[in-house]
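Hi everyone, thanks for making time. Let me put the structure on the screen, and then I'll walk you through a few packing details.

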Amino acid sequence: MNTTTKTILFSCLLLFVFVGNGQGIYFPERNADWKKTEKAAYKESTLQQAVDFALQNEYSGSRDLRQAILKGFQREPFHEILGPTKKRGGPAGMILKDGYLVTSWGDTKRVDMTFSVTKSFLSTVAGLAVDAGLIVDVDDKVSNYVWDGTFDGDHNGKISWQHLLQQNSDWSGELWGLKDWADRPPREGGLDDWKFRKLNEPGTVMEYNDVRVNVLAYSLTQVWRMPLPLALKEKLMDKVGASTTWRWYGYDHAWTTIDGLKMQSVTGGGHSGAGLFINTEDMARFGLLFLNGGEWKGQQLLSKEWIELATTPSTPNVNYGYMWWLNKKEGNRHWEGVPEHVFYAAGFGGNFIVIDQQKGLVIVTRWLEPSKIGEFVRLVYKGF
């Protein structure tokens with residue numbers, strides 16, 4: 001056996017040991033049974049406590065999500081269901097360590113609504129546009145790309161892509177018949193107060209607002225010049241081996257024409273129906289891509305630079321980046337006992353994708369009572 005052959009065999013042996021010990025990242029093939037990690041890598045009984053906790057603390061809202069949505073947003077004037085909804089299943093989830101499955105519960109293949117977890121997917125479509133050079137810089141004014149009147153005026157003309165991504169644009173107007181001021185209005189005041197309020201300078205005040213999120217989705221549709229679900233499918237979801245079952249909907253009447261083609265503008269959540277409908281395993285694949293810095297099996301699908309930008313605290317809200325929540329202590333969304341470097345996607349009804357790049361963890365949990373998420377994640381961490 002010559003020296004070259006010995007070197008190759010030794011390298012292969014090292015690779016086998018490296019991956020076999022769970023130190024390498026495992027990327028599951030499409031439709032494959034997810035490989036499990038070694039039991040020595042975690043405390044089985046402790047993690048079972050976390051699973052039991054998730055099962056015992058199911059989201060208290062109706063499993064008929066149409067009813068849950070109407071009740072959850074009943075304070076909003078003019079609120080109604082405008083897009084598809086779906087009755088949900090029970091609690092479900094997965095915990096991954098370096099891509100390997102540690103444990104799971106519930107029906108992980110069931111497709112359910114995921115509400116504002118959709119926003120993190122929408123942000124990623126923006127990142128793909130930046131990586132492709134379709135958007136030159138996130139500080140560019142959106143009016144330079146979308147010139148149909150959506151960003152006309154002194155105030156809206158100041159809005160950049162970053163402002164939309166960080167939800168601090170204070171975009172003012174109406175989209176698909178929905179007025180910005182009617183979405184999650186303040187606790188105080190009434191219609192006149194909300195309609196005639198003073199606008200905030202873009203970049204100074206964060207306000208969670210689905211109308212403005214949908215303005216971002218509409219603007220990205222103009223940039224991609226194709227439906228966003230198609231861009232996400234071709235550029236990312238197919239390449240991470242996602243199933244063919246996920247769907248991304250818009251409101252029933254949210255259609256636009258680009259280059260002579262009629263296409264639907266999707267939503268960034270399920271606030272009035274629509275948004276991303278997806279199973280737990282596909283959510284885990286998405287989380288695994290972010291865990292590994294945007295790389296999947298040696299192919300850089302999303303730049304590391306974008307992930308760093310997306311998980312950088314915004315000035316108005318230290319707990320919020322580009323539609324990802326950040327576990328920073330300075331803010332009011334911090335989970336005690338959980339590392340500050342953790343970031344996560346979160347949606348109505350207790351849908352979460354939690355990512356710890358340093359520890360190699362991806363946690364997906366669905367239909368957990370939202371107030372219990374911090375306690376649940378702490379229990380998970382005790383298992384490692």
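Let's start at one residue pair: D112 stands opposite I278 in β8. Before I go on, this is a predicted model, where local features need pLDDT of at least 70, side-chain atom pairs count only at pLDDT 80 or more, and totals for chains, interfaces and linings use all residues. Residues are numbered from 1 along each chain as its sequence is written, and side-chain values use heavy atoms, with hydrogens and water left out.

A word on names: helices (H or I, at least four residues) and strands (E, at least two) are DSSP runs, numbered from the N terminus. Two strands pair if DSSP finds at least two bridges between them. Strand β8, residues 275–278, runs antiparallel to β3, and two bridges join them.

Which sheet does that belong to? An open one of four strands, ordered β3-β8-β6-β7, with antiparallel pairing. At its edges stand β3 (112–113) and β7 (261–266), each with a single partner strand, so one side of each has no neighbour in the sheet. Helix α7 (residues 210–224) packs on this sheet and touches β6 (247–258) and β7, where contact means heavy atoms within 4.5 Å. The direction of α7 makes about 150 degrees with that of β7; axes are lines fitted to C-alpha atoms, for helices over the stretch in contact, and angles run from 0 to 180 degrees between N-to-C directions. Helix α8 packs there too, touching β6, β7 and β8, at about 120 degrees to β6.

Now to α8's other partner. Helices α4 and α8 (residues 228–237) pack at about 70 degrees, with axes 10 Å apart. That makes α4 roughly perpendicular to α8, a label that covers 65 to 115 degrees. In α4, F121, L122, T124, V125 and L128 meet L228, L232, K235, L236 and M237 of α8.

How many residues of α4 are buried? Thirteen of its 15, with buried meaning under 20% relative accessible area (1.4 Å probe, protein chains only). After α4 comes G133, with a positive phi near 80 degrees.

Last, the other sheet: six strands, open and antiparallel, in the order β2-β1-β14-β13-β12-β11. Its edge strands are β2 (100–105) and β11 (325–326), each pairing on one side only. Five bridges join β13 (residues 351–356) to the antiparallel β14 (residues 361–366), and D356 stands opposite L361 in β14.

Key:
Buried means under 20% relative accessible area, exposed over 50%, partly exposed in between (1.4 Å probe, protein chains only). Angles under 35 degrees count as roughly parallel, over 145 as roughly antiparallel, 65 to 115 as roughly perpendicular and the rest as oblique.
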